[in-house]
Amino acid sequence: MTASTSTATTHPALRPAQEVPEEVALRVTGQLPQELRGTLYRNGPGRWEGGGFVARHAFDGDGLVSKFVIDGGAVRFQSRYVRTPKFLAEEAGRGGGVRGMGNQRPGGVLGNVGRYPADSANTHAIVQADRLLALSDVGRPWEIDLDDLTTRGSCDFDGKLPMLSRFSPHPRLDPVTGELFNFGVDLAPRLAAGLPIGLRCYRVDRAGRLHIEATVPLAHAHIQHDFAITERYFVFVLAPIVLDPIKAMLGLSTAEGATTYRPDIGTKIVLVPRHGGKRREIDCPPLMYVHINNAFEDRGDVVVDLVRYDDYREFFDPARDFRTPSIVGGYASRLRVSRADKVTIADFSDQRTEMPQHDQRRTSSPYRYGYHATLDSRPDSSNRISKIDTETGRHWEHVFEPGDAVGEPIFVPRSATAAEDDGWLLTAVYLAAENRSALVVLDARDPSRAPIAVAATDHHFFPGFHGSFTDRVAVPRY
Ligand SMILES: [Fe+2]
């Protein structure tokens, strides 16, 4: 499959984004609530071409971290690319030598053997222990300055993150303890030592110190993007998406080309105790999904809410052919693992959605409301932010103008003690009619209503993959 560089049919939000290296004040329409105060960080690919590199997979775009600082009814904006070796090579005109998820370097097998795909640091921006981390599937954390978004460097947690280990892009913050939980699938170091592939389970304490809580041997090199926590468990739903590590590491194929969907191996659910004890492993029929919303324990069952796909190609093909307009999305679903290890799954809706979110004060515990976005880049299609009441099945939808591209809706509570759902949904949106990007603030209780406020930039950027809101107001520094 050859990537097209034509912009004739490519969604305009995917054109290269300029960084905004100094904070600018945004024009706000509507009225931002005084109680809404803090910083929304976003991360996502900002460009897919540079210095001779032309991405052949959506995940090979350079990470652009942006921030919206909301204070006193005003909004300030800033964005910077993460200074990864890939980005710097492109800036120096050496992008043609970059091996990506979907790109091989020149030189055939010899030019690619033993090389990990380049890290684009483009998937998440999360704040913990006074640190802003940019994360991706293929790399290690990058520490980003909370205030001016400059790249401080690679983060290995004072040497505690094992050499060549991954640190996945969907950590989970425990709202009670302030600890950050995460995992990484180790391939090369363990294979080289003759050990099985290992799923490492991490806990980063409130002081930012990393601890390895467990290492689970795996029979396959799962491409595992997300996980969840409950009060007692790390929860892994290992979809049958696997990498052939030999093929990839020997340079015989790109990482994307060495990845296959293997329904024959089924899906394995692994519950790793957070506080010690024996892990549970449950085999079930193959399940294709990418994102988990939340998980919790319910009368001894483990409940996992995720976005289920009917067919792996509904995600894989648009991610590879990202310049071609498409719809990406699955069905908001609830997977339940009984105390007897029986697995059931049921959809909440027949609407295709993605980017699931919840009130993060409910992470790891029972919750009621899910918030989603649609990812539809087809001409004249309208994207939506939706809300689902998981108890009643009721839906709310905010429908944007045709051609607008929306990002995940981040819930911000009205106050620390406000009830679940009493707050706002913050989402980055590319406004097609104005060819600019904006922060859109919706009332979470009824997102179908007109936005409470819109803060428009003078630029455009892809709304990004993931991000975080923090009460901390980033300080301008020039
Ligand atoms: Fe993700």
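This is a predicted model: local features need pLDDT of at least 70, side-chain atom pairs count only at pLDDT 80 or more; totals for chains, interfaces and linings use all residues.
Select His170, His225, His291 and His466: the NE2 atom of each is a protein donor, lying 2.0 to 2.1 Å from the iron ion. Along the chain these donors follow the spacing H-x54-H-x65-H-x174-H.

Histidine 225 sits in the loop between β16 (221–222) and β17 (228–229), while histidine 291 belongs to strand β23, 66 residues apart. Histidine 225 is buried, with a relative accessible area of 13%. Histidine 291 is buried too, at 6%.

Next, colour the aromatic rings, which form 23 aromatic pairs. Select phenylalanine 183 and phenylalanine 236: their ring centres are 5.4 Å apart and their planes stand at 80 degrees, so the pair is edge-to-face. Phenylalanine 183 lies in strand β13 (residues 180–186) and phenylalanine 236 in strand β18 (residues 233–238), 53 residues apart. Both residues are buried.

Move to tyrosine 309 and phenylalanine 315, an edge-to-face pair at 5.9 Å centre to centre and 85 degrees between the planes. Each of the two is buried. They are part of one aromatic cluster with Trp48, Phe59, Phe322, Phe462 and Phe465.

Now show helix α5 (residues 313–320), where Phe315, Phe316, Pro318 and Ala319 are buried. What covers these buried residues? Among the elements are β19 (241–243), β20 (259–261), β23 (288–298), β24 (301–309) and β25 (327–328).

Finish at lysine 387. Lysine 387 lies over the face of tyrosine 369, at 4.7 Å from the ring centre, and over the face of tryptophan 396, at 4.1 Å from that ring centre.

How values were computed
Residues are numbered from 1 along each chain as its sequence is written. Side-chain values use heavy atoms; hydrogens and water are left out. Buried means under 20% relative accessible area, exposed over 50%, partly exposed in between (1.4 Å probe, protein chains only). Helices (H or I, at least four residues) and strands (E, at least two) are DSSP runs, numbered from the N terminus. Contact means heavy atoms within 4.5 Å. Donors are N, O and S atoms within 2.8 Å of the metal (3.2 Å for Na, K and Ca); water is not among the atoms, so sites may look incomplete. Rings of Phe, Tyr and Trp (its six-membered ring) pair if their centres lie within 6.5 Å; planes under 30 degrees apart count as stacked, over 60 as edge-to-face and the rest as tilted. A charge sits over a ring if NZ of Lys or CZ of Arg is within 6 Å of the ring centre and within 35 degrees of the ring normal.
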